[in-house]
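Q: Could you take me through this one, please? I would like to begin with the spaces inside.

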Amino acid sequence: MLTETKSNRNKRIAKNTLLLYSRMLITMGVSLYTVRIVLNTLGAEDYGLYNVVGGVVALLSFLPGSMASATQRFFSHALGQQDQNKLNRVFGVNSLIYLGIGLAAFVILNTGGLWFVENHLEVPDGRLDTLVSLFYLAVFTFVLTILKSPLMAMIIAHEDMKIYAYMAIVDAILKLAAVFLLIYLPGDKILVYGLLLLLVSLIDTTIYSIICFNRYAECQIKNISWDAGLAREVVGFTGWTLFGQLTTVARGAAITVLLNQYFTPFVVAARAIAINISGQSNKLATQFNTSLYPPIIKSYAANEKEEMFALVTNGSKATFFLMWILALPVFIEMESILVYWLKETPSYTVEFARLSLVEGLIFSISLPVTTAARAPGKMATYESILGFFQFSILIVSWILLNGGFGPEFVFYVAILVNVIMFIVRLQIVGNLTGLPVVSYLKETLPSILGVIFISTALSLLIKDLFPVGDLFYFAVSLVIIFGITAISIYYIGLPSKIRKKLTKLIHSKLKSLPF
């Protein structure tokens, strides 16, 4: 019976991964296209200013993410225990907590955040009033994101990835429509864009609410009540997660604001473009781990430790390979991609984008391990130690920039600290869950390093054979590098047992074709 359960679970993970992969491809295409249109419509300076203002709001972006992780963890745990009463209570308590968090965020941003925008941002003459108005729009959009987050977490906990994927496509279409409207609508473009994104967020939140309240028994108004004991448990878990997310924001939004203090908006725009590129690649890793999150938590709740360890180990390899197969072609052909995509880009964009990809690749291996850390619900040690390392990225970056180092050093610092954090994270999770660290490393690192070495060496060799600046050869190069990476993963990254199953599946699919 357990084998059948594992088989069904693996099929569900594979199906969910395919859905999320399709979701990612669509949203990636839309996002990359919209960046080009928005950059051309706003101009590099306004695009940089938009990201600075958004960065101030994003200083609190850890709130919805952390709360969603807590909600998802508690929902998945209750589902693993098959406890409907607990599901009802978790929904009720989290609904009230989210309302409180949304109100707190609104107050903090409209006091401290507004003060920072008005007094400490480097703003071109005559643009302060515009940026203050944009800040208000960003605040309202952010509060809607907080209210939407538990609904998204609930869908993920139930592993309804089809709904999650469809909603992402709806969101992508709405944002694409907003970009087209931006071109034609009159007024200050930076304000028009902020208003359109607020409208998109409002529509998203409304649709999520309708789906959840009609689909899940626990999502009912009657279940919204206060349970002090459960609330303490949720807040205790979430409090440390909030701390961890706060330090993560320090290496993201806060560094964007820091660069604004030492360099021009064009450098900030280059970072924003680089983060967008790596973010699209990171989405694939994140989407795959979205499908892994509920099974890992449910396996722990059901005391199926071996199943959980297998999910974490195989998940780390799969996460890296799924990201690597896209990241390597982009890394090698970065200059050409930026030329054909954006035509003109600010200085540092190519270097920033490549370094950001490296940082994301290192972090991707840790994603399933991070999920495993949440399973026991004991986050104090994990988040305090990892939070210290993440916060150190901001401190060291500030010291270096203050000492006259270039903006690229914020990426070098982040890469080095992420390597250290990977080692520390493994040791902590081993202590929390019993994950066999040595076995994990033996199962993951040799195949990952082998794929990196072989695919990179062969891809660079192929790249040198093609002339630079030709669109046809650029396209051919991308396809060949993608193929080399896929073949390297298949023969070096996958164990023979998985290769045989995959080969058998491909043969059966080919035989079923009508020609």
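**Cavities, a pocket and a helix**

A: The structure holds two cavities of 30 Å³ or more (on a 1 Å grid over protein atoms alone, points where a 1.4 Å probe fits but cannot get out). This is a predicted model, with local features needing pLDDT of at least 70, side-chain atom pairs pLDDT 80 or more, and totals for chains, interfaces and linings using all residues. Residues are numbered from 1 along each chain, and side-chain values use heavy atoms, without hydrogens and water.

Q: How much space lies in the second largest cavity?
A: That cavity has about 60 Å³, the space filled by probe spheres set on points joined across faces, edges and corners.

Q: Which residues line it, and which lie nearest its centre?
A: Twelve residues line the second largest cavity (an atom within 4 Å of a point), and nearest its centre are Glu333, Lys463, Pro467, Val468 and Phe474.

Q: Which elements give two or more residues to that lining?
A: Helix 12 (334-342) and helix 17 (471-493) do (helices are DSSP runs of H or I, at least four residues, numbered from the N terminus). Helix 17 gives the most, with three residues.

Q: And what is the volume of the second largest pocket?
A: It is about 370 Å³; a pocket is an open set with protein on both sides within 12 Å along at least five of seven lines. Of its 18 lining residues, Phe320, Val358, Leu361, Ile362 and Ile452 lie nearest the centre.

Q: Which helix gives the most there?
A: Helix 16 does, with six residues. Helix 11 (305-332), helix 13 and helix 15 (409-433) each supply at least two.
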